[in-house]
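Visitor: Please take a close look at one part of this model for me. I would like the contact surfaces, with numbers I can check against the coordinates.

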Amino acid sequence: MKVSLKNISKSFYGNWANKDVNFDLYRGEIHALLGENGAGKSTLMNILAGLYHPDKGNIFLDGREVKFNSPADALDAGIGMVHQHFSLVKNLTVAQNVLLGTKGLKNFFSHRDLEQIVSEFSNQCKINVDPTKKVWQLSVGEQEKVEILKLLYRKTKILILDEPTAVLTPLEIEELFQTLERLVRQGDGSSSVSVVLITHKMKEVIRIADRISVMRRGEMIQTLKSRENAVSEGASEVKLAELMMGEEKEMEVCECDNIESEKIAEESILEIQNISVRNDRKLMAVKELNLNLFAGEILGIAGVAGNGQVELLEAIAGIRDVENKNESKIILDKREISKLTIKERIKIGLRYIPADRHRDAMVGTLPLKDSVMLKDYDTNEMLVAGFLSDEKTTKICKKIIDDFKVIGPGEGVPFGLYSGGNQQKVVMGRELRLNPKIILAHSPTRGLDLMTTSFIHQLLKKKRIEGVGIIFISEDIDELMKISDRIAVMSAGVIKGILKRDEFDRVKIGLLM
Amino acid sequence: MNFQFLNTDINFEKRGNPSAFTSILITLLAIFFSLIFAAIIIKVSGGKEADPMAPLAALSAMFEGSFGNLEQWRNLDFYNISEVVVKMIPLTICALGVSVAYKMSFWNIGAEGQFVAGALATSLVALHFDSVLGKIPLLLLMMMLSFIFGAIVGLIPAILKVKRGVNEVVVSLMLNYIVILFTEYLAFGPLRDPRGLGFPGTREFSENAFLPVFGISRVHYGIFLMIFLSILLWIIFKYSKWGFELKVLGENPRAGYCSGMNISKNILLAMIISGGISALAGFTEIAGLSHRLQKGLAVGYGYSAIIVAWISRLNPFKILLWSFIFSVIIAGGDQLQITAKLPKAIALVIQGTILLFVLAGDFFVSYKVKVRLRKIELKS
Ligand SMILES: Nc1ncnc2c1ncn2[C@@H]1O[C@H](COP(=O)(O)OP(=O)(O)OP(=O)(O)O)[C@@H](O)[C@H]1O
Ligand SMILES: [Mg+2]
């Protein structure tokens with residue numbers, strides 16, 4: 001099936017999210033869609049997937065014009081999308097989610113039947129998830145897999161994946177890519193699948209994409225023809241970055257990049273002794289774990305998602321209870337904080353950037369300002385005589401918007417309607433704004449474009465020089481090796497080993513995981 | 001053969017914040033349509049009369065009931081409108097009360113019971129102290145105790161929710177019956193006026209316990225409390241730390257929790273304030289109007305208040321406005337019953353339809369509706 005989008009335009013609140021965009025997807029290709037945060041990638045694909053209606057322009061399938069009134073229409077036509085933010089039913093099992101609303105089930109069936117079907121199907125696709133688990137118990141990475149399974153099960157011919165790799169570990173990414181390639185290359189052509197892949201990671205693009213399209217500020221800038229052409233046309237990371245950014249100049253950064261990290265202060269700013277934490281399934285996720293974070297260092301934590309990383313951070317932040325409060329210690333800047341509330345920990349300078357920002361770190365239904373105020377609404381920074389000051393909060397918002405180049409539909413619009421990357425920028429802006437003692441960051445650059453990612457890295461390094469201790473969790477080992485002073489490898493709820501900067505080595509880290 | 005079909009596509013799409021003008025227009029249209037709808041209901045329910053204009057006559061009787069007629073205006077007789085204001089006071093205060101709980105998405109349906117609890121507390125104070133205390137301390141004591149009673153009634157669903165996760169809608173609704181029936185029992189039994197010749201209620205309080213009124217009207221000083229509370233809540237919602245917490249917890253409790261807000265504490269506090277405020281309406285009603293506790297006190301302000309709060313999007317000033325509109329309808333409904341011999345419940349029907357039309361109107365304000373015709377050709 002060949003898809004053509006012709007002259008697609010779409011505006012929100014008077015701003016163009018897509019302007020006169022043309023886009024072709026050939027049968028059996030993997031087509032990467034690139035662009036900075038807010039460039040309009042998700043919007044364009046949402047239009048193809050029937051979620052939005054274009055203001056202007058047409059969609060053609062194999063030369064025939066089609067109109068989709070809903071995602072269901074698009075699905076019937078064989079087009080399915082995995083969104084940046086998942087749409088799974090949290091309280092149902094994986095099997096139920098995959099089979100939800102599909103035809104061809106018997107009238108009566110047991111859980112075991114469903115699980116059987118899904119487990120066979122997932123083996124066949126080589127996408128492994130436990131069909132009996134409830135979705136809320138899954139890591140983000142596992143949820144991504146369920147989404148893909150769901151579409152594959154519906155015999156989708158055109159798979160649109162909106163930033164799937166942002167949440168996956170390198171191994172999972174490799175797995176996913178192999179699956180995608182198998183799907184795309186298989187068969188005689190009529191049964192083969194085409195894939196649109198939205199991502200910010202250049203390496204992946206060059207590795208897997210047959211063709212690459214680049215968007216900027218709502219417009220389609222260029223489509224690099226075939227894989228060979230793409231390479232000969234110089235589809236290097238540099239070239240692509242140039243296409244994405246255009247004339248824009250880099251964001252303000254400090255010169256901290258060249259300050260190397262030989263010296264780590266001997267002083268611990270955070271000491272974790274012997275803590276055990278349970279996950280949502282009530283299983284022990286963190287087991288008698290010990291960890292030291294020095295002032296002025298970035299401590300990367302590597303590991304496959306779901307090995308207790310989230311539980312560890314939440315326990316430090318006070319969001320999750322520590323099981324063995326009496327035998328364990330969490331010491332922040334020489335002060336035992338195990339008994340403190342979340343708020344008290346925030347006040348003494350603990351900042352937490354959670355992985356699931358939609359759920360934990362922002363209020364999508366309210367304007368941007370409310371999310372900016374979320375943690376500091378009760379500090380003098382935002383108050384005048386005990387009352388919230390519009391003037392002060394507006395100023396703080398404006399500063400974040402300027403510093404981080406936040407692009408979005410504007411003031412009064414619900415923050416949830418900002419593009420994924422822009423939401424993350426605001427959350428980061430909020431957490432880095434003040435002078436924290438420690439920062440716990442889970443995948444803080446997830447979904448951010450190149451420039452913003454490097455901007456965030458710079459900012460974190462700057463904080464580090466100021467003596468802040470930073471725990472940085474990421475599934476991207478390259479990113480960890482780039483930014484960390486030390487890397488701790490976490491697996492099955494314990495720290496398996498800690499490497500110093502001069503010992504960094506992908507293989508070594510991989511083995512420990 | 002060649003068939004041609006016209007196929008319609010209807011699409012809904014979210015659009016920007018509606019301008020003030022469109023919002024007002026839609027609101028007026030909603031009221032207009034609900035009146036038409038009411039006319040139809042009147043026609044159907046009073047169907048024996050042949051006069052086709054009967055529904056309109058009934059509606060105009062209704063408005064005359066609420067606003068008075070020209071004759072009265074010429075004589076500077078504003079009795080009817082003053083009666084609207086009398087109804088507006090408890091309605092507004094109850095709506096303000098529930099709006100506090102609704103701000104954090106705690107669905108308190110118990111304003112009616114909290115209102116009655118406030119009335120009971122007021123009466124208890126008045127019956128015991130109206131000849132002992134001076135006016136000001138007496139009124140203050142009445143007010144305080146009614147707030148406390150309302151807060152206690154409000155706390156019950158809150159505690160059950162926090163401790164046991166019990167659904168607050170069921171609990172707060174059931175509590176209404178308990179509180180109302182218990183209060184009626186007291187009014188009939190232990191508190192009944194022994195010299196009342198069988199009158200179902202307490203004795204009338206001494207004048208010490210009366211809220212002052214304006215001139216010869218029945219409009220009492222409860223109106224100041226109403227205005228004060230509106231302003232207070234507006235400030236709380238918009239500019240206070242607590243208001244911010246309520247708002248965030250109402251929209252995304254998990255994010256609020258992760259940012260250090262205490263969900264349980266806020267549920268309890270919100271229900272103390274919510275129940276307490278609704279109970280203050282009971283205080284003004286007793287001290288300002290009836291001056292005794294009697295049967296038939298709960299006439300549904302607590303329920304109408306839910307609709308008012310909802311329609312007003314929990315904005316205290318809009319609550320004032322909508323309470324006024326609803327009071328016009330309620331007062332008009334009384335009039336209908338008297339002149340047109342129609343059931344008073346017509347007023348409730350109109351209230352309900354206004355809510356539906358406003359919600360439907362809201363939908364059209366925030367969504368673009370695109371209708372497209374397209375031809376489909378079928379060959380056979
Ligand atoms: N439903 C919506 N309502 C209002 N504005 C929207 C909506 N969806 C997108 N936008 C705006 O349109 C622009 C493009 O957004 P889009 O989500 O397509 O960007 P993107 O390229 O996917 O960015 P990212 O990499 O951050 O996900 C943004 O400015 C965004 O705020
Ligand atoms: Mg996007």
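Guide: Start inside chain A of this predicted model. Domain 1 of chain A and domain 2 of chain A bury about 1,600 Å² between them. Carbon and sulfur atoms give 57% of that area. Three residues stand out on the domain 1 side. Asn37(A), Thr169(A) and Pro170(A) supply 25% of the area that domain 1 of chain A buries against domain 2 of chain A, more than any other three residues.

Where do the domain bounds lie? In chain A, domain 1 covers 3-245. Domain 2 of chain A is assigned in two segments, 267-349 and 435-513. Domain 3 of chain A spans 366-434. The centres of domain 1 and domain 2 of chain A, taken over C-alpha atoms, are 32 Å apart. Their contact takes 20 residues from domain 1 of chain A and 18 residues from domain 2 of chain A.

Now the polar side of this domain interface. The rule finds 0 salt bridges across it. Polar contact is counted for 3 residue pairs, both partners at pLDDT 80 or more. On the domain 1 side, the elements giving two or more residues are α7 (202-208) and α9 (237-245) of chain A. The residues of that side divide into 9 nonpolar, 6 polar and 5 charged.

Next, the interface between the chains. Chain B and chain A bury about 2,700 Å² between them, with 55% of it on carbon and sulfur atoms. On the chain B side, Tyr239(B), Lys241(B) and Phe244(B) supply 21% of the area buried against chain A, more than any other three residues. In residue terms, 27 residues of chain B are in contact with 33 residues of chain A.

Here the rule does find salt bridges, 3 of them across the interface of chain B and chain A. One pairing is Asp370(A) with Lys247(B). Their closest N and O atoms are 2.9 Å apart.

Which elements of chain B supply at least two residues each to the side that touches chain A? They are β1 (2-14), α8 (222-239), α9 (241-251), α10 (253-258) and β2 (367-379) of chain B. The largest share, 6 residues, comes from α9(B). By residue class, the side of chain B that touches chain A divides into 8 nonpolar, 7 polar and 12 charged.

Methods: Residues numbered from 1 in each chain as written. Chains lettered and ligands numbered in written order. Predicted model: local features only at pLDDT ≥ 70, side-chain atom pairs only at ≥ 80, totals over all residues. Heavy atoms only, no water. Domains from an automatic or database assignment. Contact = heavy atoms within 4.5 Å. Buried area = accessible area lost by both parts, 1.4 Å probe. Salt bridge = Lys/Arg side-chain N within 4 Å of Asp/Glu carboxyl O. Polar contact = N/O pair within 3.5 Å; in protein donor to acceptor, adjacent residues only side chain to side chain. Helix = DSSP H or I, 4+ residues; strand = E, 2+ residues; numbered from the N terminus. Nonpolar A, V, L, I, M, F, W, Y, C, P; charged D, E, K, R; others polar.
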